[in-house]
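I am opening a notebook page for a structure that is new to me. My plan is to look up a few residues and features one after another and to write down what I find.

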Amino acid sequence: MKFHTMEQTDGIVKVLLSQVEEYGKTSFELTKLKAVQKLIPVATVFTGNLFVLLTLSLFIFLFNIGIAMWLGELLGKPYFGFMSVAGFYLIVGIILYFTAAKWLRNPVSRFIIKQTLNQDKS
């Protein structure tokens, strides 16, 4: 049986600790890279859809101003048109509030989960 001196044992422990530290750093970097790899497809789709949504929102906003002005002319007072459009959106908002989980939250959650899990297969 071979015995090591105290200095040799200290040297072995220092080498072992430095290897453990290096392994920890490498594992942390690998985890960060995997997280970024899973996040990029979701962020890319989200960003593209965000620009489309902003463009459509601008269109809808301007279109609604036109409708409100047109309705105001038909009803005799400009503010009646804006109040009519606002009332319409109040009703739509109430309906969306009670049905959003079914058609918005659940599909978005499923999409994010699907994108995240599909990255593990590659």
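I began with N64, which I found in helix α1. The model I am reading is a predicted one, and I keep that in mind for every entry below. Is N64 buried or exposed? N64 has a relative accessibility of 16%, and because buried means under 20%, N64 counts as buried. I then asked which residues N64 touches once those up to four places away in sequence are set aside, and I noted V85 and Y89 as the answer. Y89, one of these two partners, is itself partly exposed, with a relative accessible area of 36%.

Next I turned to the aromatic rings, for which a search of the whole structure gives 4 aromatic pairs. One that I looked up joins F59 and F63, whose ring centres are 5.6 Å apart and whose planes stand at 20 degrees, so I recorded this pair as stacked. The label follows because planes under 30 degrees apart count as stacked. Both F59 and F63 belong to helix α1, where they are 4 residues apart, or about one turn of the helix. I checked their accessibility as well: F59 is exposed at a relative accessible area of 51%, whereas F63, at 47%, is partly exposed. These two values fall under separate labels because exposed means over 50%.

I also looked up the rings of F88 and Y89, and found their centres 5.1 Å apart with their planes at 75 degrees, so that this pair is edge-to-face. Here the reasoning is that planes over 60 degrees apart count as edge-to-face. I noted that Y89 has now come up in two entries, as a ring partner of F88 and as a residue touched by N64.

My next entry concerns charged side chains. How many salt bridges does the structure hold? I found 2 of them. In one, the side chains of K25 and E21 meet, with a distance of 3.5 Å from N to O. K25 and E21 are 4 residues apart in helix α1, which means that about one helical turn separates them. K25 is partly exposed, at 47% relative accessibility, and for E21 I read a relative accessible area of 47%, so E21 is partly exposed too.

The other salt bridge I wrote down is between E29 and K32, where the closest N and O atoms are 3.2 Å apart.

I then went to the largest pocket, which holds about 280 Å³ of space. Which residues line this pocket? I listed V42, V45, F46, N49, L50, L53, V108, F111 and I112. Helices α1 and α2, the latter running over residues 78-121, each supply at least two residues of this lining, and α1 gives the most, with 6 residues. Sorted by class, the lining has 8 nonpolar residues and 1 polar residue, while no charged residue takes part.

How far apart are the C-alpha atoms of Q37 and T116? They are separated by 9.0 Å, although the two residues are 79 residues apart along the chain.

K38 is also found in helix α1, which I recorded as spanning residues 6-75, and K38 is partly exposed, with a relative accessible area of 26%. From the C-alpha atom of K38 to that of G48 I noted a separation of 17 Å, with the two residues 10 residues apart along the chain.

Definitions and conventions:
Residues numbered from 1 in each chain as written. Predicted model: local features only at pLDDT ≥ 70, side-chain atom pairs only at ≥ 80, totals over all residues. Heavy atoms only, no water. Buried < 20%, exposed > 50% of the residue type's maximum accessible area, 1.4 Å probe, protein only. Salt bridge = Lys/Arg side-chain N within 4 Å of Asp/Glu carboxyl O. 1 Å grid on protein atoms, 1.4 Å probe; cavity = no way out; pocket = protein on both sides within 12 Å on 5 of 7 lines; lining within 4 Å. Points joined across faces, edges and corners; volume = space filled by probe spheres on them. Nonpolar A, V, L, I, M, F, W, Y, C, P; charged D, E, K, R; others polar. Phe/Tyr/Trp six-rings, centres within 6.5 Å; stacked < 30°, edge-to-face > 60°. Contact = heavy atoms within 4.5 Å.
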